Amino acid sequence: MDQLQIKDLEIFAYHGLFPSEKELGQKFVISARLSYDMTRAATELDLTASVHYGELCQQWTTWFQESTEDLIETVAYKLVERTFETYPLVQEIELELKKPWAPVHLPLDTCSVTIHRRKQRAFIALGSNMGDKQANLEQAIDKLRARGIHILKESSVLMTDPWGGVEQDSFANQVIEVETWLPVPDLLETLLSIESEMGRVREVHWGPRLIDLDLLFVEDQIIYTDELILPHPYIAERLFVLEPLVEIAPHFIHPILKQPIRYLVDQLEQGNA
């Protein structure tokens, strides 16, 4: 992908773990690569399809100097976060933050941290069978937006019978497609945090829930850890996930089963007939 490169922007600021660093300040140096499609900017002189690097450098300077942080990792992360928020066309950022005056007291040219993040598309299943179910789904989506997660598509809401053998009220189910620069573990933690904020209590496995947010797919990634299995292991068994999913992504290929979602729906419906 096309790249804008900014090299060695110097900023004087007051970040550091030691009190003297926050009192006296020091020089920091930023270099970055921003990836985005430059075709429209290059061929149509469309400034909205470009990043004004002069403005970006000024914004970095302002953001860099408006607070103090103990760790340069924190500063670099916040710069990446705010750059994605301010420039939605940017798809990938690799940012290096150097600290040439680091208090090491040894021969040292510089020390630095590099943060590299790329936007990814993911599918999330939402479910609720307590209280105002529709409102619960809407609130969860609003909370995702508030955390900088861009909602690309929303399926219609499907009312379904409970799954898993626990006697309970029917569910309101929905699937959304999102775009986010958060790595998968951070995205999962965000979903769990929203569930907790909304009052989700995990007492009965597959039991009643105020809100349920399941990470279904993150592009074609396959992950198997104690914390997360991706793709979600029950997708091909759940019509209440497949039906709203096929509405917004019928041709998405399951990265393990190697079949599009519309085929998985047909197979499950035929098996249930």
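Seven aromatic pairs, written 7 in the count, are found in this predicted model. Rings of Phe, Tyr and Trp (its six-membered ring) pair if their centres lie within 6.5 Å; planes under 30 degrees apart count as stacked, over 60 as edge-to-face and the rest as tilted. F84 and W181 form a stacked pair, because their ring centres are 5.5 Å apart and their planes stand at 20°. F84 belongs to helix α4 (residues 72–86), and W181 to the loop between β8 (171–180) and α6 (184–197), so the pair ties together parts 97 residues apart in sequence. Helices (H or I, at least four residues) and strands (E, at least two) are DSSP runs, numbered from the N terminus. F84 is buried, at 5% relative accessible area. W181 is also buried, at 8%. Buried means under 20% relative accessible area, exposed over 50%, and partly exposed in between (1.4 Å probe, protein chains only).

F123 and F217 make an edge-to-face pair, since their ring centres are 6.3 Å apart and their planes meet at 85°. This pair links distant parts of the chain: F123 is in strand β5 (residues 120–128) and F217 in strand β9 (residues 212–218), 94 residues apart. F123 is buried at 4% relative accessibility. F217 is buried at 1%. Ring pairs also link Y77, F84 and W181 into a cluster.

The model is predicted: local features need pLDDT of at least 70, side-chain atom pairs count only at pLDDT 80 or more, and totals for chains, interfaces and linings use all residues. Residues are numbered from 1 along each chain as its sequence is written, and side-chain values use heavy atoms, with hydrogens and water left out.

Helix α4 also packs against helix α3 (residues 53–65), at an angle of about 135° and with the axes 11 Å apart. Axes are lines fitted to C-alpha atoms, for helices over the stretch in contact, and angles run from 0 to 180 degrees between N-to-C directions. On the α3 side, L56, Q59, W60, W63 and F64 meet V75, L79, R82, T83 and T86 of α4. Contact means heavy atoms within 4.5 Å.

K99 lies in strand β3 (residues 92–99). K99 is buried, at 10% relative accessibility. Beyond its neighbours within four places in sequence, K99 contacts H15, G16, E21, Q26, K27, F28, I72, T110 and C111.
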